[in-house]
Amino acid sequence: MRDFVVCGHDAPTTPDFSLDDLAGGAGRLDLLCRCVNAGLFLSHGIREDSRVHLVLGDAVTVRFSGATARGLHPDERTTAARVRDALDAKPDAIGHMPAEVSPGVDLYRMGLETTLDTLDGTFVQLHEDGDPVAEVEPPSDPVFVLSDHSDFADAETALLAERADRRVRLGPEAIHADHAISVANNYLDTDGYTRY
């Protein structure tokens, strides 16, 4: 399994946002939707071994699972509509007990720390100051943790200093979060491809 945990610092935690202004009025939800698309979609299919967890405002987590997702399309508006539906279902979620929004999309009343507590695998913080990815053996069951367009908050940095097994950078320049997910997926795909 591949997990991508994305910290959305300015993202909405209520469904009161317009699908017509994802980059402004919805706190860069456009970028988070592109992260979901990069994490789950192939050219003509979906990655069934991948999940994307959007941690919104360190208050709720919307999880997209490639194995069970149905009717999800690779465009920002459709993904944002699923996020909005999830936030509308927030009263139904109780901590670790999710509110199922649609097949493959669940909402949890959990912030970053609790979300990480629910995941198993090798925790890899994607950060521009990390070890070069070319020098790192691809982990089994990776949990990549990355930030949106903002730096990690101080509390997130402290938490990841304790929890992350590795801190990795994907290239010589800082790239967008959704591009980082694409590069990380390619890194994992290439490893399996070159070994077999």
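Trainee: So strands here are DSSP runs of E with at least two residues, numbered from the N terminus; how many helices and strands does the protein have?

Mentor: In this predicted model, the protein has five helices and ten strands.

Trainee: And how compact is the protein for its length?

Mentor: Its radius of gyration is 16 Å, close to the 16 Å that the globule rule gives for 196 residues, so the protein is as compact as a globular protein of that length. Taken along the principal axes, its C-alpha atoms fill a box of roughly 45 × 40 × 30 Å.

Trainee: Switching to the pocket: how much space lies in the largest pocket, and which residues are closest to its centre?

Mentor: The largest pocket holds about 460 Å³ of space, and among the 22 residues lining it, those closest to its centre are Leu-126, His-127, Glu-128, Ala-174 and Ile-175.

Trainee: Which element gives the largest share of that lining?

Mentor: Strand 8 does, with three residues, while the elements giving two or more residues are strand 8 (122–132), strand 9 (142–147), strand 10 (166–169) and helix 5 (177–195).

Trainee: Which residues make the contact?

Mentor: Helix 1 contributes Leu-29, Asp-30, Cys-33, Arg-34, Val-36 and Asn-37, and helix 2 contributes Glu-76, Thr-79, Ala-80 and Val-83; these residues divide into five nonpolar, two polar and three charged.

Conventions: Residues numbered from 1 in each chain as written. Predicted model: local features only at pLDDT ≥ 70, side-chain atom pairs only at ≥ 80, totals over all residues. Heavy atoms only, no water. Contact = heavy atoms within 4.5 Å. Helix = DSSP H or I, 4+ residues; strand = E, 2+ residues; numbered from the N terminus. Nonpolar A, V, L, I, M, F, W, Y, C, P; charged D, E, K, R; others polar. 1 Å grid on protein atoms, 1.4 Å probe; cavity = no way out; pocket = protein on both sides within 12 Å on 5 of 7 lines; lining within 4 Å. Points joined across faces, edges and corners; volume = space filled by probe spheres on them. Rg over C-alpha atoms; globule rule 2.2 N^0.38 Å.
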